[in-house]
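Dear colleague,

Please find below the structure that I am handing over to you, together with its sequence. My notes on what was found in it follow directly after.

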Amino acid sequence: MSLAFEILAETAAGGRRGRLDLPHQAVETPVFMPVGTQGTVKAVAQDVLEGLGAQIILGNTYHLYLRPGHEAIGRMGGLHKFMSWRRAMLTDSGGFQVFSLNALRKVTDEGVQFRSHLDGSSHSFTPEHSIGVQVALGADICMAFDECTEYPAERARAEESLRLTMAWARRSREHFRAHGENVAWREGLGGRTQSLFGIVQGGMYADLRRQCAERLVEMDFDGYAIGGLSVGEPRELTLEMIAEVLPLLPKDKPRYVMGVGYPDEIEQYARMGVDMMDCVLPTRAARHGLLFTSEGRVNIKNKQYAEDQNPPDPRCDCPVCRRYSRAYLRHLMQAGEALSGTLNTIHNLAYYLGIMERVRGELESRTNG
Ligand SMILES: [Zn+2]
């Protein structure tokens, strides 16, 4: 068995309170997944993530393939073991990073050729290779190799990108069916294995999105993601694309919107029936001194906080808000201290994870009432 998904409660608006049973962890949904690009959620240790209630984190295939290499990680038993993370994990396909970090990439029907952003060396990803790397990394959930359509994109460009994404989804599925059971931890976890999600693309064209969703559903993936959003489009368009695609996806499978969003966005999408989301925003913003709080955004670098003895967010009970003041966080940032990024990130993640915890509770009670 790969995954089991159970819907525990459902609202009239389509919101779902569910449980996603993965080999390493039963994940309560809707869930926010912190991003651990290079085998680390930047600046935060694994035991702290556990304490914050992170149930599932992301690893980035592109980065881990280049350094330290998927073969090395595979020989050491997979990414869970390498980074000592016992809970659930998802890896992306590498596609998005190839597109966002490589101006010189070359895309053909076969795959993508690119140069390493680390040393300029030549590499290529095909659907088969991406799946092979993801099997070696050994996350609970793998993603089909896709091409992310940039924004804005002409219709012809979006159509071509969609054609590739659908062909690559089919090849990803076939390769995964043939090799997906080779994951290193299979024996240790009672014969359970990885899952594979398909990714709906189609740019900002509703009919292309619908077409892609329908074809992917025919291919029968373990779950479905909506990709290519939050790439610079206005927020109403993001919402429109999600609303267009969600009703076409099978109700009994998990639905994941990739790369979103601001706190109010993840709350809104969760209430619409999105089960999983990930975003670098809480971690990246934290390192730049931007805190998300119940009172709005706090730029901790601002002089107004120089002697502010209040916690970063008076209504937050995370370990940072329980112990430290805005003045101290501002000082750490001004002084360029490493602890600055750590404390800011812990608060922002607690805030994001807390939103999902609250939404889960509300989805349950609203159904009951
Ligand atoms: Zn806090």
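Helix H6 and its partner

H6 crosses H7 in a right-handed manner; a crossing counts as right-handed if the near helix is turned clockwise from the far one by less than a right angle, and as left-handed if anticlockwise. Please note that this is a predicted model, in which local features need pLDDT of at least 70 and side-chain atom pairs count only at pLDDT 80 or more, while totals for chains, interfaces and linings use all residues. Residues are numbered from 1 along each chain as its sequence is written, and side-chain values use heavy atoms, with hydrogens and water left out.

H6 spans residues 127-137 and H7 spans residues 155-179. Helices (H or I, at least four residues) and strands (E, at least two) are DSSP runs, numbered from the N terminus. The two helices pack at an angle of about 40°, and their axes lie 8 Å apart. This makes H6 oblique to H7. Axes here are lines fitted to C-alpha atoms, for helices over the stretch in contact, and angles run from 0 to 180 degrees between N-to-C directions. Angles under 35 degrees count as roughly parallel, over 145 as roughly antiparallel, 65 to 115 as roughly perpendicular, and the rest as oblique.

On the H6 side, the contact (heavy atoms within 4.5 Å) is formed by Pro-127, Glu-128, Ile-131, Gly-132 and Val-135. Their partners in H7 are Trp-168, Arg-171, Ser-172, His-175, Phe-176 and His-179. The residues of this contact divide into five nonpolar, four polar and two charged. In that division, Ala, Val, Leu, Ile, Met, Phe, Trp, Tyr, Cys and Pro count as nonpolar, Asp, Glu, Lys and Arg as charged, and the others, Gly among them, as polar.

H6 is mostly covered, with eight of its eleven residues buried. Buried means under 20% relative accessible area, exposed over 50%, and partly exposed in between (1.4 Å probe, protein chains only). The buried residues of H6 include Pro-127, Ile-131 and Val-135, which also take part in the contact with H7. Just after H6, Gly-138 takes a positive phi of about 80°.

Within H7, you will find Ser-161, which is buried at a relative accessible area of 0%. Apart from neighbours within four places in sequence, Ser-161 is in contact with Glu-147 and Thr-149.

Nonpolar cores

A nonpolar core is a set of buried Ala, Val, Leu, Ile, Met, Phe, Trp, Tyr and Cys residues joined through side-chain atoms within 4.5 Å. The largest has 88 residues, and those with the most contacts inside it are Phe-32, Phe-125, Leu-216, Phe-221, Ile-242, Val-257 and Met-277. Helix H14 (residues 338-368) gives the most to this core, namely ten residues. A second, separate core of 20 residues includes Val-27, Ala-88, Phe-197 and Ala-225. With residues up to four places away in sequence left out, Val-257 touches Ile-226, Leu-229, Ile-242, Val-274, Met-276, Met-277 and Asp-278.

Backbone features to check

Most residues other than glycine have a negative phi, and most peptide bonds are trans. A cis peptide bond joins Arg-67 and Pro-68, with omega about 10°; Pro-68 belongs to the loop between helix H2 (61-66) and helix H3 (70-75). The bond from Tyr-151 to Pro-152 is also cis, with omega near -5°, and Pro-152 sits in the loop between strand S11 (141-143) and H7.

Ala-43 is not a glycine, yet has a positive phi of about 80°. This residue lies in the loop between strand S5 (35-36) and helix H1 (46-52) and is partly exposed at 39% relative accessibility. Not counting residues up to four places away in sequence, Ala-43 touches Gly-341, Thr-342 and Thr-345. Ser-84, likewise not a glycine, has a positive phi of about 55°. Ser-84 is placed in the loop between helix H4 (79-83) and strand S7 (88-91), and its relative accessible area of 38% makes it partly exposed.

Strand S9

Arg-115 is found in strand S9 (residues 112-115) and is partly exposed, with a relative accessible area of 44%. Leaving aside neighbours within four places in sequence, Arg-115 is in contact with Tyr-62, Asn-102, Gly-120, Ser-121 and Ser-122.

Yours sincerely
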